[in-house]
Amino acid sequence: MKKQILQLLRQNSHQISGEKLSSVLGVSRVTVWKHIKGLISHGYDIAATAKGYRLVDEPDTPFAWEDPERSERIHYFESVGSTMDVARDLARKGCPHLSIVVADLQGEGRGRMRRVWHSDDGGLYFTIVLRLAMPPQHIGRVNFYASSILAETLREDYAVEANVKWPNDILVDGRKLCGMLSEMEAEGEMVTFLNIGIGINVNNDPTLLEPEAMSLKKLLNRPIIRKELLRAYLNRFEQNLDFAMSEAVIDRWKTYNATLGHSVTVVTHNETVEGIAVDVDSDGALLVEQADGTIKRMIYGDCFHE
Ligand code: BTN
């Protein structure tokens, strides 16, 4: 009901009477008023006069009803520990493929290599639950798909020269705009679910804690509507999901990559490898040519460009 009322309010920039709303929606005027009050309590600025209702302003909050085509699959929270934890619980309970957990704030946002992901107000933090019939060894490709799609969304919809740094960071001018984390569970030879968590610095200022980071607002010199960015990303992401499982996804990632050809240092929990990043193989591992000419295949780690 909320999404229908909002749609009608948006179509009528002057105002729309309670009578018209109740006849179009097939509910009583009392019910219409109840939903209008609900929207107001969620931050929508709706002017109510004797002549009807007018939408004056709306919050930039990714409520499920803001994305009508996928509203059943969106789980929005004002604040959570980590969207990864909520998504994992939902996935274990059997939530559908392409469920999305999104939050305005995370008290315990997680990064890769057990780091903290600071999740201040204004950023976009979400996790997508995927149920893909895939053997675990190829699952890394889906992360490369997710980061390529984000680079494309930023380039095509926001005119931002986004690149991907191995494995899945999004950089602009060498500064980090977005990070991705994935978690999966498998049964036997097949993945039961893969959760991809994405944190994008949108209107928050990450430089207070991470001087090398960047936000979209700073890059574009204007606030960005997070709910539009989320929708634009999910539209592209869901469009071509079969491709995510193919080897070809790595070639697509390479077209945006900022890592290959560079001198890199890759740090894992038990080693540090230095050399030239010469390639990424069909499962997403980074091939590093060391000073003695040997090639080291890195399947995870933090990658620092020289
Ligand atoms: C990294 O670059 O280290 C990965 C950061 C991933 C952050 C996102 S924000 C949404 C999701 N929830 C989390 O706790 N982490 C991921």
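Guide: Let us begin with the aromatic rings. Tyr44, Phe63, Trp65 and Tyr76 are linked into a cluster by ring pairs. Please bear in mind that this is a predicted model.

Visitor: Why is the pair of Phe144 and Trp253 called edge-to-face?

Guide: The centres of Phe144 and Trp253 are 5.2 Å apart, and their planes stand at 65 degrees. The limit for the centres is 6.5 Å, and planes over 60 degrees apart count as edge-to-face; therefore the name applies to this pair. Phe144 belongs to helix α5 and Trp253 to helix α8 (residues 248–256), so the pair ties together parts 109 residues apart in sequence. Both Phe144 and Trp253 are buried.

Visitor: What is the largest nonpolar core made of, and which of its residues touch the most other members?

Guide: This core has 77 residues, and Phe126, Leu130, Tyr233 and Phe237 touch the most other members. Helix α5 (residues 140–158) gives the largest share of the core, 9 residues. Apart from this core lies another, of 9 residues, including Cys95, Val101, Val129 and Phe193. In soluble globular proteins, nonpolar side chains tend to be buried together.

Visitor: Which residues does Phe237 touch, leaving out those up to four places away in sequence?

Guide: Phe237 touches Leu98, Ile128, Leu130, Tyr145, Ala146 and Ile149.

Visitor: How do you know that Leu98 is buried?

Guide: The relative accessible area of Leu98 is 11%. Leu98 is found in the loop between α4 (83–92) and β4 (99–106).

Visitor: What is said of the phi of Leu98?

Guide: Phi of Leu98 is near 70 degrees, a positive value in a residue other than glycine. Met113, in the loop between β4 and β5 (124–130), is likewise not a glycine and has a positive phi of about 55 degrees. Most residues other than glycine have a negative phi, and most peptide bonds are trans.

Visitor: Where is there a cis peptide bond?

Guide: The cis bond joins Trp166 and Pro167, with omega about 0 degrees. Pro167 has its place in the loop between β6 (163–165) and β7 (169–172).

Visitor: Why does Val56 count as partly exposed?

Guide: Its relative accessibility is 41%. Buried requires under 20% and exposed over 50%; Val56 lies in between and is therefore partly exposed. Val56 is in strand β2 (residues 52–57). Neighbours within four places in sequence aside, Val56 is in contact with Asp45 and Ala47. The C-alpha atoms of Val56 and Leu9, 47 residues apart along the chain, are separated by 9.5 Å.

Visitor: How do you know whether helices α2 and α3 are roughly parallel or roughly perpendicular?

Guide: The axes of α2 (residues 18–25) and α3 (residues 29–41) come within 9 Å and cross at roughly 100 degrees. Angles of 65 to 115 degrees count as roughly perpendicular, and therefore α2 and α3 are described in that way. Gly18, Glu19, Leu21 and Ser22 of α2 make the contact with Arg29, Val32 and Ile36 of α3. By kind, the residues of this contact are 3 nonpolar, 2 polar and 2 charged.

Conventions: Residues numbered from 1 in each chain as written. Predicted model: local features only at pLDDT ≥ 70, side-chain atom pairs only at ≥ 80, totals over all residues. Heavy atoms only, no water. Core = buried A, V, L, I, M, F, W, Y, C linked by side-chain atoms within 4.5 Å. Buried < 20%, exposed > 50% of the residue type's maximum accessible area, 1.4 Å probe, protein only. Helix = DSSP H or I, 4+ residues; strand = E, 2+ residues; numbered from the N terminus. Contact = heavy atoms within 4.5 Å. Axes fitted to C-alpha atoms, helices over the stretch in contact; angles between N-to-C directions. Parallel < 35°, antiparallel > 145°, perpendicular 65-115°, else oblique. Nonpolar A, V, L, I, M, F, W, Y, C, P; charged D, E, K, R; others polar. Phe/Tyr/Trp six-rings, centres within 6.5 Å; stacked < 30°, edge-to-face > 60°.
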